[in-house]
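Hi,

Here is the structure I promised to pass on. Have a look at it first, and then read my notes below.

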Amino acid sequence: MSIWWSLHLRREAASIPLARRLLLGTMETAGVDPDISFDLSVALSEACANAVEHGGGPGPGETPGAYRVTAYLDGEKCRIEVADSGPGFPARQGRTRIRARTQAPTTAESGRGLCLIEQLADHVHFGNRPGRGAVVSFDKVLKWREGALLKVS
């Protein structure tokens, strides 16, 4: 069995815990190991925070823009995608591949989210949709609690 859901959220800080709680509730109901669920929920929160902060949108006084969160629990893997409508990731020396492994200083108050996502997930992709924003997608192999409802046999 598989589960997938998609949310279209306003670029507001209040949307981040909503996405996180939906993911945690889905995983708990399915029977995913709590440590895996926690890792993915932190990674999701970081990706959502980046979309809220950097995801583009209207000018002052206008309605905030939106971003999309999609999660797939399928078989032994969970895949999450967060897409915004901002300017995208900056190009690095003419290359479109984004690398987050260059860490921000430990004293910095921001700039560590993408690195954290890379550390918590098994596979990560940071990409740009030309003229339409950035996409952060990541996945992780699932572990299951004993007696899990959706455990793959």
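Which exposed residues sit on the face of H1 turned away from its buried side? They are Arg21, Glu28 and Thr29. Bear in mind throughout that this is a predicted model.

H1 covers residues 15-30, so 16 residues, and spans 23 Å from first C-alpha to last, close to the 22 Å expected at 1.5 Å a residue. Its buried residues are Ser15, Ile16, Ala19, Leu23, Thr26, Met27 and Ala30. Just after H1 comes glycine 31, with a positive phi of about 100 degrees.

Now the sheet. It is open and has five strands, in the order S1-S2-S3-S5-S4, with antiparallel pairing. S1 and S4 (123-129) are the edge strands; each has a single partner, so one side of each lacks a neighbour in the sheet. On average, neighbouring strands are turned by 10 degrees against each other, ignoring direction.

At the S4 end, seven bridges link S4 to S5 (residues 133-141), and the two run antiparallel. Histidine 123, for instance, has aspartate 139 in S5 as its bridge partner. As for H2, that helix lies across S2, S3 and S5, and runs at about 175 degrees to S5.

Cheers

How values were computed. Residues are numbered from 1 along each chain as its sequence is written. This is a predicted model: local features need pLDDT of at least 70, side-chain atom pairs count only at pLDDT 80 or more; totals for chains, interfaces and linings use all residues. Side-chain values use heavy atoms; hydrogens and water are left out. Helices (H or I, at least four residues) and strands (E, at least two) are DSSP runs, numbered from the N terminus. Buried means under 20% relative accessible area, exposed over 50%, partly exposed in between (1.4 Å probe, protein chains only). Two strands pair if DSSP finds at least two bridges between them. Axes are lines fitted to C-alpha atoms, for helices over the stretch in contact, and angles run from 0 to 180 degrees between N-to-C directions. Contact means heavy atoms within 4.5 Å.
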